[in-house]
Amino acid sequence: MADLEIRDLHVRTEDREILKGVDLRVAHGEIHALMGPNGSGKSTLANTLLGHPAYEVTSGQIIFNGEDITAAEPHERANAGLFLAFQYPVAIPGVSVANFLRMAINAKRDEPIGVKEFRAMLTEAVELLDVDRSFTSRALNDGFSGGEKKRAEILQMAMLAPQIAILDETDSGLDIDALRTVAEGVSKLHAQQGLGALIITHYQRMLHYIEPQFVHIMLDGRIVLEGGVELVERLEREGYDEIRKEHGALV
Amino acid sequence: MSEAPVRPQRREATLYHALDGAGAPAGSSLSSLREQALRVYESSELPVWRRSGFWTTSFADLDLDALEVRHHASDAGSAEGARTGSTLPALLTATVPDRPRAGRIVQLDGSVIHCELAADLREQGIVLCSLEEAAEREAKTFERWYSHRLPGDRHKLEAANSAFWTGGVFLHVPAGLRIEEPFEIVHLLGGPGVAQHARVLIVGEAQSDFRVHEYGLAEDFEGQALHTEAFELYLLDGARCRLAHFQDWGSGEVHDSCTRYVGVGRDAYCHWLPALLGGHLVHEHLELAVSEPGGDMAYRGIFFTEGEEQLDVFAVDLHETGPSGGDVHWRGAAAGQSRASMEGLIKINPGAQQSHTYLQLHTMMLSPKARIDAIPSVLVSADDVSASHGGTVGELDESLIFYMQSRGLDRPAAVRVIVEGFFEPLLSELEDEPLAELIRSRLAAKLAAANADIEAYASSR
């Protein structure tokens, strides 16, 4: 059973149709890569899956764990087990990483998490992401470097333990060490928690560390090609032009 | 103050002016000051403040004749005692944090009803009592400092305070004493129809170090009430004080007109944070003056208006001499149909060389019908100084809200996090968690009350 199923999704923003019929299934524990040139609709899909109000679903469905969440509020999707690691995480002045995480965890629970339990979870996540503990007392993303912001995204993912995570170009702007740390973090969560992931990326390098079982190529708001990791190698060799030629009728 | 009869007049100003050292003439007796103030009171109309081109704050709708000063018995038989809080009004016990304190004095309407001071502090020479008592028992200090830098005749309500004040608060901290826990001053308005003319005089002698928390509280009620206050704090050589005000007059038609003055002496320091969190119509003149060389201050402020509240704040950072330091940082938000008007003034007087100060005003609009005016002003009359200002006007950022929703917080919770985060830089430097938590909870309550407006605003954008 697919935990996340996207059926013929059409999405519009600012009077322009961006997604023109996307079908995609991501099961718990599966790693998917979504690749495509700039402007093909990858980030629109990521934001739409979490219910960003600027993106209007004009037709199609998003099914998660058998429930139609197409019209659900963003926090309902998050609490159901979806997670979005943002391409450009925003800063939240005045709210520490730890306090924000505590609020987010408590949003899923009937009773607030105990201090000891929270501390233990935080320690584990901090070690996983190889960040300094003092990192968690800083205001979330406020004054963070690009690498710190991406680590903070993965730290949140580790703490919130979603079933399916969408990583929207998490590899962009990372140096090689930060990329490895982030990728290893995702891999461990995949191995330990059975995390399913949809990794949106432009580059092969992230996929050296997390090998996807499924690769999807998006062009002009549609997924035009699907396959295994061999697709990534083909893209590296040929670029998108060859695929565009092959699937010209579609796009 | 002139002895000549004063013709009825409406006192209106087009600009706000610093007190700039104004006060009672040296040697004035309390009775003469009351008489002079009474003449101004009788000859003037209710004040209307105009800041040209920006706002008008009018107390003309206040039915002064319908208000009365009510008196209550003290819980200790005399104004000074060491009683438990068991007989204190429920509003006080429900609001003021239950925490260690150096002392507490409570004025309900026109009377000081409770005064407590730890015995060891009394033995060390600290005096905490009603100002009426201090005028008798502490005559030397009272006469030296009473109304030293506070005028009593700029408008009818200021004059009412000078003429009619009752009860009052007097705190004298002797030289060299360091007190960790705060002295609490609580002003309670008992209900509609009340006029409370509150008066506070605090003197921190050389090298003293202490905290003062002042509360202004009222239950929610229907009808008008009035709180006027004249507050003066003098810090002598090397003294240090962390001063905070928590004001929440509830949803009644409380009119609040205050003048507060903090004088920072040689090498002295004050950290001051007024938190103005509720009042139907509030006009506050808050002046922090470095009066002698080496004085320094951190002048903070918080306001949050909602519903139909109207707030008018004039915050002055005055440098009478140099070298001196200043750092003014205010944050405010407005929701509903409320109106918040604020002028922050840096004033550096002639000769106050080597004064360095900075003023920042940050505001957040939470409703399309709310209005905030924030004017930073700088008046510099010395040439070897640095004085600058900056500010921001913000709204709720939808990208922030979506980010937090994507982590599982519902929309009201996300808005609360943003607003709390907006004020947090000032709360985290309070160095007093119980007070910071009280302010946070009051901000959250005001936000919850304004939730419908905030959502309407979001959907309209």
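Mentor: Let us begin with the sheet in chain B: nine strands form an open sheet with mixed pairing, in the order 5-6-8-10-12-14-16-19-21. Strands here are DSSP runs of E with at least two residues, helices are runs of H or I with at least four, and both are numbered from the N terminus. Two strands pair if DSSP finds at least two bridges between them. This is a predicted model, in which local features need pLDDT of at least 70 and side-chain atom pairs count only at pLDDT 80 or more, while totals for chains, interfaces and linings use all residues. Residues are numbered from 1 along each chain as its sequence is written, with chains lettered from A and ligands numbered from 1 in the order in which they are written.

Trainee: Which residue in strand 14 of chain B does B:Cys258 stand opposite?

Mentor: Strand 12 (residues 253-264) and strand 14 (residues 281-290) of chain B pair over ten bridges in the parallel sense. The residue opposite B:Cys258 is B:Glu284.

Trainee: In chain A, are helix 5 and helix 6 roughly parallel or roughly antiparallel?

Mentor: Helix 5 (residues 146-160) and helix 6 (residues 176-193) of chain A pack with their axes 10 Å apart, at an angle of about 10°. Angles under 35 degrees count as roughly parallel and those over 145 as roughly antiparallel. Therefore helix 5 of chain A is, relative to helix 6 of chain A, roughly parallel.

Trainee: In which sense, left-handed or right-handed, does helix 3 of chain A pass helix 5 of chain A?

Mentor: The axes of helix 3 (residues 97-107) and helix 5 of chain A come within 10 Å and cross at roughly 35°. A crossing is left-handed if the near helix is turned anticlockwise from the far one by less than a right angle, and right-handed if clockwise. The crossing of these two helices of chain A is right-handed.

Trainee: Which helix supplies the largest share of the side of chain B that touches chain A?

Mentor: The contact takes 17 residues from chain B and 20 residues from chain A, where contact requires C-beta atoms, placed from the backbone, to lie within 7 Å. Helix 7 (398-405) and helix 8 (411-427) of chain B each supply at least two residues of the chain B side. The largest share, seven residues, comes from helix 8 of chain B.

Methods. Axes fitted to C-alpha atoms, helices over the stretch in contact; angles between N-to-C directions. Parallel < 35°, antiparallel > 145°, perpendicular 65-115°, else oblique. Contact = placed C-beta atoms within 7 Å.
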